Amino acid sequence: MQTAYFQSPLGNIKIKGDGNGVTSISILDTKEEISAPVPEVLQHAVNELQDYFKLKRNHFTFKIQPKGTEFQLKVWQELTQIPFGKTISYLELSKKLGDPKAIRAVASANGKNPLWIVIPCHRVIGTDGSLTGYAGGLWRKKWLLEHENPSNQQLLF
């Protein structure tokens, strides 16, 4: 298993994986030494994530290998179907998975997502449109949603 650290506008990112794919991507609140060079097995993923932050990419092509329960994997797969720049509610996600009463289980699986940004758990919001629960902090969730769907209106002040 290889590990790399790189900078993003939201803090340092830690990425782990091997020849079978990336197993985890997480945001850190601590400063880690930036990897130089990035391990070859992770270079493609790091490049795509850096392009995402530069608004040059809205989907990812590198191989992923998330580890989780059968239910978590099902939730994470459904999360990958949320289009770039769009959001859905936990209730909508539960309905898509076939059980509208499974909101808490879906939210729990969402919170255990090991592949930050790539499996876009930040695109799931409350039924009332509120930003709810985000392991990286609600300020990061807000930033990601605004990054993916920037307002065309300029601020006057």
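Predicted model: local features only at pLDDT ≥ 70, side-chain atom pairs only at ≥ 80, totals over all residues.
Among contacts in this protein chain between residues at least 6 apart in sequence, 57% join residues at least 24 apart.

Now the overall layout. The chain has five helices and five strands, and along the sequence they run β-β-β-α-α-β-α-α-β-α. The radius of gyration is 16 Å, close to the 15 Å that the globule rule gives for 157 residues, so the chain is as compact as a globular protein of that length. The C-alpha trace spans about 50 × 45 × 25 Å along its principal axes. Of the 157 residues, 42% are buried.

Next, the interior. In soluble globular proteins, nonpolar side chains tend to be buried together. Here the largest nonpolar core has 37 residues, and Ile-15, Ile-25, Leu-79 and Trp-116 are those with the most contacts inside it. Several elements give two or more residues to this core, including the strands β1, β2 and β3 and the helices α2 and α4. Which element gives the most? That is α1, with six residues.

Leu-79 is worth a look. Leaving out residues up to four places away in sequence, Leu-79 touches Leu-93, Asn-110, Ile-119, Pro-120, Cys-121 and Val-124.

Leu-79 also takes part in a helix pair: with Phe-71, Gln-72, Val-75 and Trp-76 of α2, it meets Ala-105, Val-106, Ala-109 and Asn-110 of α4. Of the residues in that contact, seven are nonpolar, two are polar and none is charged. How do the two helices cross? Their axes come within 9 Å, at roughly 80 degrees, which means α2 is roughly perpendicular to α4.

Notes: Residues numbered from 1 in each chain as written. Heavy atoms only, no water. Core = buried A, V, L, I, M, F, W, Y, C linked by side-chain atoms within 4.5 Å. Buried < 20%, exposed > 50% of the residue type's maximum accessible area, 1.4 Å probe, protein only. Helix = DSSP H or I, 4+ residues; strand = E, 2+ residues; numbered from the N terminus. Contact = heavy atoms within 4.5 Å. Axes fitted to C-alpha atoms, helices over the stretch in contact; angles between N-to-C directions. Parallel < 35°, antiparallel > 145°, perpendicular 65-115°, else oblique. Nonpolar A, V, L, I, M, F, W, Y, C, P; charged D, E, K, R; others polar. Rg over C-alpha atoms; globule rule 2.2 N^0.38 Å.
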